[in-house]
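Have your viewer ready and follow along.

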Amino acid sequence: MRIKSALAAAAIVALAAGCGGGGGDAGSGESAKPGEPVKLNFLSLAWQKESVAANKQLVEEWNKANPTIQVTYVQGSWDNVNDQLVTSFEGGDPPDVIHDDSPALSGFASKGYLLDIKDKVPAELKSDIPQPAWDTVTFDDGKGNQGVYGVPFLQESQVIIANKKLLDAAGVRVPTSDNPWTWDEFAEVSKKLTKSGSFGVAWPMKSPVNKTLNLALNFGGTFFQTADGKTTVKVGPEEKQVLQRIHDQLYKDKSADTSALGMGTADPLPGFFAGKYAMLPVGVYLRQQVVEQAPKGFDWVTLPPLKGTTGDQGAVSQTLSVAADSKHAEESLKFISFFLNGTNQAKLAKGDWLLPTSAKAAADPAMTTKENGWDVATASAKNLVVAPFLKVNGFDEWKSKVATPVLQQYFANKISIDDAAAKLVADGNKVLERYQR
């Protein structure tokens with residue numbers, strides 16, 4: 001799940017103001033006074049204008065309909081939310097309802113900071129969200145018990161955004177959700193779209209790990225394996241498939257621009273609009289920036305995810321959790337159930353340009369319209385499965401200290417795929433071992 005910048009200082013002030021017990025507010029640290037409404041603090045990490053507006057509108061709707069349970073919207077920031085939460089958890093006064101993403105939940109769950117809601121989620125909400133999404137929020141509580149520590153509601157898939165005019169001129173088959181391109185077809189199309197001074201594809205790989213690990217599931221690549229309770233790094237033929245195919249586009253076919261490797265996800269957009277890149281494999285949320293920034297008359301299309309031996313992609317979820325210290329867990333779950341019902345999930349997904357986990361939301365006309373590729377984006381959710389790395393203790397350190405520099409070296413053609421695999425395994429297992437003692 002992507003991380004976006006906000007004003008950290010403002011977020012800290014907002015979190016402190018929203019979660020503190022002063023002024024008579026009934027947060028997680030105090031009970032409502034007799035005759036007064038229960039007061040809940042809701043920490044939201046929505047950051048896009050449309051998403052913030054949708055969040056605030058739903059809170060307002062709830063408060064009007066529920067005078068005895070009042071919710072205070074607290075604006076947070078993805079930049080530093082987990083550090084802020086640790087401070088509030090340890091201080092005994094966290095927000096009642098917490099917006100985060102599933103990778104963060106594992107550590108909080110093992111420390112007892114979050115409420116296990118496994119047997120507390122209303123049946124209607126539970127059945128509306130498919131099991132693969134619930135798998136992204138199911139973790140060991142540190143005592144050998146599996147619990148559910150949040151409600152998953154937004155996910156991201158990798159799609160391809162393409163210049164429709166260039167696809168038509170090349171006479172290539174435009175894939176559909178029912179008949180996507182294979183990786184081999186994608187390679188051939190990329191070569192056809194490569195001309196003097198322009199490339200079939202740009203792979204922005206400033207942050208290469210999550211993208212390549214999620215796509216590796218197209219060929220059954222998991223990068224991690226667990227035996228006898230011990231997790232180790234695995235880089236075999238399945239894991240090498242996507243790595244090698246991207247490398248081939250860069251240096252064998254020369255259909256991908258090597259100068260785009262150091263770019264962030266949105267950085268190739270000016271080149272894309274200018275015709276330098278015909279296709280961008282990116283997260284579904286980038287469609288918003290295309291809509292906002294594309295020059296008048298620019299014809300673009302959202303293409304479905306590629307297919308290898310499977311169409312699977314790894315996924316994590318944005319989540320809403322309840323603090324274990326909340327004195328109003330029941331009321332918090334009632335609010336979450338309202339906030340994340342099918343109709344409201346569709347509003348939240350539209351505002352964030354992401355995919356709802358709710359089956360009812362996915363069927364909403366707003367999610368299935370052809371406009372801006374929503375039909376293709378929403379259909380891509382059917383191939384999302386829990387990202388294997390989500391369950392790996394020590395993944396963040398492996399990612400930052402081992403995988404990121406190794407993959408950057410590999411895509412820069414400075415080391416071979418076998419050398420990259422050896423480093424990912426040997427150096428990675430040293431990191432993971434420290435978390436399994």
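A charge counts as sitting over a ring if NZ of Lys or CZ of Arg is within 6 Å of the ring centre and within 35 degrees of the ring normal. Keep in mind that this is a predicted model.

**Charges over rings**
- Arg287 lies over the face of Trp374, 4.1 Å from the ring centre.
- Lys391 places its charged end over the ring of Phe139, at 4.5 Å from the centre.

**Aromatic pairs**
- The structure has 23 aromatic pairs.
- In one of them, the ring centres of Trp183 and Phe186 are 6.1 Å apart and the planes stand at 90°, so this pair is edge-to-face.
- Both residues belong to helix α8 (residues 183–192), where they are 3 residues apart, about one turn of the helix.
- Trp183 is buried at 3% relative accessible area, and Phe186 is buried at 0%.
- Phe389 and Phe395 make a stacked pair, with 4.4 Å from centre to centre and 15° between the planes.
- Phe389 is buried at 5% relative accessible area, as is Phe395 at 6%.
- One aromatic cluster brings together Phe42, Trp62, Tyr73, Phe335, Phe338 and Phe339.

**Cavities**
- Residues lining the largest cavity include Trp203, Asn218 and Gln313.
- Strand β7 (residues 158–163) contributes the most to this lining, with 3 residues.
- The lining of the largest cavity has 7 nonpolar, 3 polar and no charged residues.

Technical notes
Residues numbered from 1 in each chain as written. Predicted model: local features only at pLDDT ≥ 70, side-chain atom pairs only at ≥ 80, totals over all residues. Heavy atoms only, no water. 1 Å grid on protein atoms, 1.4 Å probe; cavity = no way out; pocket = protein on both sides within 12 Å on 5 of 7 lines; lining within 4 Å. Helix = DSSP H or I, 4+ residues; strand = E, 2+ residues; numbered from the N terminus. Nonpolar A, V, L, I, M, F, W, Y, C, P; charged D, E, K, R; others polar. Phe/Tyr/Trp six-rings, centres within 6.5 Å; stacked < 30°, edge-to-face > 60°. Buried < 20%, exposed > 50% of the residue type's maximum accessible area, 1.4 Å probe, protein only.
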